[in-house]
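Hi everyone, thanks for coming. Let me put the structure up on the screen, and then I'll walk you through one of its chains.

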Amino acid sequence: MSDQPVIRTRGLTRYFGAKPAVYELELQVPPGCVFAFLGRNGSGKTTTIRMLLGLLQPTRGEGSLLGHDIRAIPPAERARIGYLTEEHQLYRWMTVRECGEFQSRFYPRWNEKIFRGVIGHFALKPGARVKELSRGERAGLCLALTLAPDPELLILDDPTLGLDPVARRSLVESMIYLTRRADRTIFFSSHQLADVERVADYIAVLDRSVLRASCSLETFRNSVQEIRLRFSAAPPALPEIPGLLQAFRSENDLRLICAHYNGSVEQKLRALSPASIEIAPISLEDALISYLGERGEKSFILSEAEAQP
Amino acid sequence: MTFRIAISTGSPAPIYRQITDQVRMAVATGKLKIGDQLPSVRALAEDLVLNPNTVARAYTDLTREGLIESRAGRGVFIARKRKVFTREEGRRRLEPLLDALIGEAMVMDFTREELREAFQKKLSQWKDGGTE
């Protein structure tokens, strides 16, 4: 197995009219990892995924999947890539079993054991018709159809959207099951940070068409912290703090959410002569909300090295 | 006593830290003893619905501290009981526990004297342990 990135983009850009939906995207997804693609609605995640799969032409820039230019992925290589969208395209009159048989004809590496395994995991009856299935069951069927060809790269666009907690958990379990093979890569977009926390090795964060973070989940969490300053009187005005995302002021204390807190920031804060300075970790959700918030300075965490103080 | 790790998402503590903390605490309080076996990385990951790399990360930290060891082909075991927190870290963790205890007791109208007595009594029932 090579350590060439499974997904790589350089300057990948797509305009809709005068407005960029994805702007100068530089992304590298290492092989064998679970990579979460995060960002608010309309930040460009789906546009990116559609470009990666060749469903949408980039305005400029380039990208590759499994080493192949995204503009010309040979059909045989396409079979190594699994893709699951939010809108599940199925023939409503087919049974679950028939869906599997139909799909299997397109894939030489079709693995019936995987298909049956996922169907079973979602408690689907092989004889049930698609039109009778619930949303969660349909998602399970789509997942089975996507996983049975045993793809090396699995791309999931918001796979848990609209799923109930039980179906969502089954989907996450299936993703974890997939990591049994060390050479399988999963790239998924999601708003479910609890799932991201459970499964992701790496995250990328898109914010209004621009990549704001691309690093390990751990690096991101270590980079966004809460600093609590306690004062004996009302807190003084804040000087310019690099990486300040949000500030909350109360009677005697100041809570700052900072990206890249380091020695020089600490010096600036010490100069305010607080009674105490305390650094506290914050949840992934709080970190991401602060990071994408409207108020603070825009910071970037684009490599493991940059994140080191 | 059976030992089971429980993790919660959405917590300020990263999941690998929740795992290491719980194992450390279980060893410190005697819930886990030398030679007790921990689940394999893969088994714990599937049980807790986690990326195996997260569990592996926690086990690596615990191994580095000498708290657990993996024996080839047999599994992961508690290696040795040792001081799990530095004195300073211990104090930092003790503080909020004491505050919570005293705060709740005050709400329930216990006097300082009653509280001191109850604390002493409990302390005398507790066997020495926790450190080497």
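**Chain B and its neighbour**

Let's start where the chains meet: the contact takes 14 residues from chain B and 19 residues from chain A, with two residues in contact if their C-beta atoms, placed from the backbone, lie within 7 Å. On the chain B side, α2 (41-48) and α3 each supply at least two residues. By class, that side of chain B has eight nonpolar, five polar and one charged residues. Here Ala, Val, Leu, Ile, Met, Phe, Trp, Tyr, Cys and Pro count as nonpolar, Asp, Glu, Lys and Arg as charged, and the others, Gly among them, as polar.

A quick word on what you're looking at: this is a predicted model, where local features need pLDDT of at least 70 and side-chain atom pairs count only at pLDDT 80 or more, while totals for chains, interfaces and linings use all residues. Residues are numbered from 1 along each chain as its sequence is written, and chains are lettered from A and ligands numbered from 1 in the order in which they are written.

Now, what is chain B built from? Five helices and three strands, in the order α-β-α-α-β-β-α-α along the sequence. Those are DSSP runs, numbered from the N terminus: helices are H or I with at least four residues, strands are E with at least two.

Next, two helix pairs. The axes of α2(B) and α3(B) are 8 Å apart, at an angle of about 125°; axes are lines fitted to C-alpha atoms, for helices over the stretch in contact, and angles run from 0 to 180 degrees between N-to-C directions. The two helices are therefore oblique to each other; angles under 35 degrees count as roughly parallel, over 145 as roughly antiparallel, 65 to 115 as roughly perpendicular and the rest as oblique. Which residues of α2(B) and α3(B) make the contact? From α2(B) come B:Val41, B:Arg42, B:Leu44 and B:Ala45, and from α3(B) B:Pro52, B:Val55, B:Ala56 and B:Tyr59. Seven of these are nonpolar, none polar and one charged.

Helix α3 (residues 52-64) of chain B also meets helix α1 (residues 15-28) of chain B, where the axes come within 8 Å and cross at roughly 45°. That makes this pair oblique, too. Among the residues involved are B:Ile19 and B:Val23 of α1(B), and B:Ala58 and B:Leu62 of α3(B). This contact has seven nonpolar, two polar and two charged residues.
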